[in-house]
Amino acid sequence: MRSYRLDDGRRVWCTSPAEAGSLWREMTAEDGYYRQAATRLRPGDTVLDVGANIGLASLAFAGAQPAARITAVEPVPALFDCLERNLADQVPGARALRVAVGAAPGRASMVYYPGAPANSSLYADREADDRLSRTFLRNSGIDEESAEVIVGDLHANGETIEVEVTTVSEVLRSNGLTEVALLKIDVERAERDVLAGIEPGDWPRIGSIVAEVDDGAPGGLDAFCKQLHAQGFTTRVRQDETLRGTDIHEVDAVREA
């Protein structure tokens, strides 16, 4: 566990300072959907942060609305340890749950990448992960040769770990959450599983969703958005410039009035 100073001066715990900086920029980008979703939060709103990593989205949401009630979910032990400490230090009262969120309760194997923790996934694909990282680095201004050197090590030592899996509906029941103003989803190709784990009676409890969606995952971006439309949401889609040429998009969904 290492310490990283955010651009607002706060220090957070992480496993990769370089990645922490990149994630924080994603959470706070002015045109990004995470920041825009945060501005909609009102005092007392409940946020469910699925795929919380070290908790930077939760910190951004709490920064925008200090009176929000946050539950953050992360299955990887090394990342969960950082999440738990960051919430204790920065967002007193927030809850951290060490579990993955999917279509049904149970247990599953996932791959944890120590060199690229944010790419850890129940649906890890080293070739696709290398390709994504290579494109991200190039779009960020890293020259071709340096990008190849960096990518060569990022996903080389993936560790298979067993994790507990729950569902959004079970998290609501177990934690007494009667409504969720904002559901954030960032689960590396498992986003459709997260939606599949929302029982019909729980959909009306969710006011908005902000998600990272992999168009290369089964069903892709179109199916993800269509499922939200069927549940009464309107959606917007954007792609950050650093991810141009990849399958990764942000989706912002708000329940129609």
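These legends describe close-up views of a predicted model. Local features require pLDDT of at least 70 and side-chain atom pairs count only at pLDDT 80 or more, whereas totals for chains, interfaces and linings use all residues. Residues are numbered from 1 along each chain as its sequence is written, and side-chain values use heavy atoms, with hydrogens and water left out.

View 1. A pocket is an open set of points, on a 1 Å grid over the protein atoms alone, with protein on both sides within 12 Å along at least five of seven lines, and its lining residues have an atom within 4 Å of a point. The volume of the second largest pocket is about 260 Å³, a volume being the space filled by probe spheres set on points that are joined across faces, edges and corners. Its lining comprises 15 residues, of which Ala 128, Arg 131, Arg 189, Asp 214 and Asp 247 are the closest to the centre. Helix H5 (residues 126-139) supplies the largest share, four residues, where helices (H or I, at least four residues) and strands (E, at least two) are DSSP runs numbered from the N terminus. By class the lining holds six nonpolar, four polar and five charged residues; Ala, Val, Leu, Ile, Met, Phe, Trp, Tyr, Cys and Pro count as nonpolar, Asp, Glu, Lys and Arg as charged, and the others, Gly among them, as polar.

**View 2. The largest cavity.** A cavity is a set of grid points where a 1.4 Å probe fits but cannot get out, and the largest one holds about 60 Å³ of space. Among the residues that line the largest cavity are Asp 129, Glu 188, Arg 189 and Asp 214. Strand S10 (208-214) and H5 each contribute at least two lining residues, with S10 giving the most, three. The lining divides into three nonpolar, no polar and six charged residues.

**View 3. The second largest cavity.** This cavity has a volume of about 40 Å³, and its lining includes Cys 14, Glu 19, Asn 53 and Pro 117. Helix H1 (residues 17-28) provides the largest share of that lining, three residues.

**View 4. Cys 82 and the cysteine sulfur closest to it.** The structure holds zero disulfides, a disulfide being a pair of cysteine sulfur atoms within 2.5 Å. The sulfur of Cys 82 lies 6.4 Å from that of Cys 14, the closest cysteine sulfur, which is too far for a bond. Cys 82 is buried, at 0% relative accessible area, where buried means under 20% (1.4 Å probe, protein chains only).

Note on methods. Buried < 20%, exposed > 50% of the residue type's maximum accessible area, 1.4 Å probe, protein only.
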